[in-house]
Amino acid sequence: MNKRLIEIKDLHVHYSTEGKIVKAVNGINLTVNKGETLGIVGETGAGKTTTALSIMKLIQTPPGKYVQGEIRFKDQELLGLKENDMKKIRGNEISMIFQDPMTSLNPVYTVGDQIAEVIWTHEKVTKDMARKKAGSILELVGIPAERGGEYPHEFSGGMRQRVGIAIALACNPELLIADEPTTALDVTIQAQVLELMKKLKDELDTAMILITHDLGVVAEVCDTVAIMYAGEVVEYGTVEEIFLTPSHPYTQGLFASIPKLEIREERLQAIKGLMPDPTELPSGCVFHPRCPYSFDRCAEEVPKNYKNGNSQHVACHLFDQNPLKGVEMNDSSYIGK
């Protein structure tokens with residue numbers, strides 16, 4: 001059994017804006033074990049990045065606010081830590097690869113100095129020693145060490161993302177958070193970056209949280225998957241469980257929207273409707289206005305997490321007494337109007 005590395009319990013994060021409360025994360029529970037990769041999947045606005053920033057304690061307050069919940073890293077509660085104590089963990093034990101490397105890298109410092117800064121901040125080394133180690137890390141991610149004296153604008157998108165990975169891995173963190181690290185890259189470079197991340201993760205025995213829209217990336221990289229919708233985890237399980245038996249109607253809708261090579265279709269299927277306004281979330285199950293299987297209880301009562309396999313859990317009333325099984329993935333009720 002892997003040892004539990006980080007545990008999120010009943011996390012709620014809200015933002016106050018223009019007199020309204022944006023409910024970005026609403027009571028999620030997640031666990032990542034040492035050496036494990038968790039994939040978090042969902043539409044834009046599902047709360048994926050807010051969850052990641054909460055782990056790093058990078059939510060700007062105000063307007064953001066940790067309403068309730070716990071984030072425990074190696075049995076240490078993070079949300080209650082003072083900023084100076086959190087700085088010792090951030091970049092050292094927990095690191096993050098941000099979504100856009102062009103905006104996360106500082107344009108007025110060389111990439112070598114940006115990697116070295118992480119090293120001399122957390123390790124007892126001189127600046128010269130840190131720069132030398134930074135060159136070695138650049139080599140590790142496939143960039144010649146002599147290019148450490150260049151600036152971010154002198155690198156391509158894929159190379160900048162490699163620099164972002166190098167910064168995140170500079171101090172051999174125990175947990176790496178990757179927020180859509182390949183979204184802005186073309187398919188060829190995307191494959192290279194994913195292969196690099198897998199290789200380094202295995203070599204360094206680093207746990208990883210991968211945030212993505214791409215179910216193909218999840219299948220390639222992850223061990224477990226959390227499906228998020230409107231700030232909640234609606235389904236959780238191993239990659240095999242989620243891909244072989246997608247059970248929540250939202251998860252099934254995501255899989256139904258993927259084109260299949262073996263089936264010729266005139267149009268792709270889509271989930272009807274749009275994500276709810278986070279300032280006015282629906283009552284009961286947040287997915288019920290878009291769900292083709294909803295009934296009266298769905299609008300009145302928040303569903304519990306029901307077990308549907310060894311580790312698979314589904315937040316859906318259909319799994320209370322009448323488990324949803326054998327639903328056709330090409331159900332016409334999913335086709336958008």
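**Aromatic pairs in a predicted model**

Trainee: Is Tyr 250 buried or exposed?
Mentor: In this predicted model, Tyr 250 has a relative accessible area of 0%. Buried means under 20%. Tyr 250 therefore counts as buried.

Trainee: How many aromatic pairs does the structure hold, and what is the arrangement of Tyr 229 and Tyr 250?
Mentor: The structure holds four aromatic pairs. In the pair of Tyr 229 and Tyr 250, the ring centres are 4.7 Å apart and the planes meet at 55°. An angle over 60 degrees would count as edge-to-face and one under 30 as stacked.

Trainee: How many residues apart are Tyr 229 and Tyr 250?
Mentor: Tyr 229 is in strand 9 (residues 224–229), and Tyr 250 is in helix 10 (residues 249–256). The pair links distant parts of the chain, and its members are 21 residues apart.

Trainee: What kind of pair do Tyr 229 and Phe 287 form?
Mentor: Their ring centres are 5.1 Å apart, with 85° between the planes. Planes over 60 degrees apart count as edge-to-face, so this pair is edge-to-face.

Trainee: Which parts does the pair of Tyr 229 and Phe 287 tie together?
Mentor: The two residues are 58 residues apart in sequence. Tyr 229 lies in strand 9, and Phe 287 in the loop between helix 10 and helix 11 (296–300). The pair therefore ties together strand 9 and that loop.

Trainee: Which residue has the charged end that sits over the ring of Phe 155?
Mentor: The distance from that charged end to the ring centre is 4.3 Å. The cut-off for a charge over a ring is within 6 Å of the centre. The residue is Arg 147.

Technical notes. Residues numbered from 1 in each chain as written. Predicted model: local features only at pLDDT ≥ 70, side-chain atom pairs only at ≥ 80, totals over all residues. Heavy atoms only, no water. Phe/Tyr/Trp six-rings, centres within 6.5 Å; stacked < 30°, edge-to-face > 60°. Helix = DSSP H or I, 4+ residues; strand = E, 2+ residues; numbered from the N terminus. Buried < 20%, exposed > 50% of the residue type's maximum accessible area, 1.4 Å probe, protein only. Lys NZ or Arg CZ within 6 Å of the ring centre and 35° of its normal.
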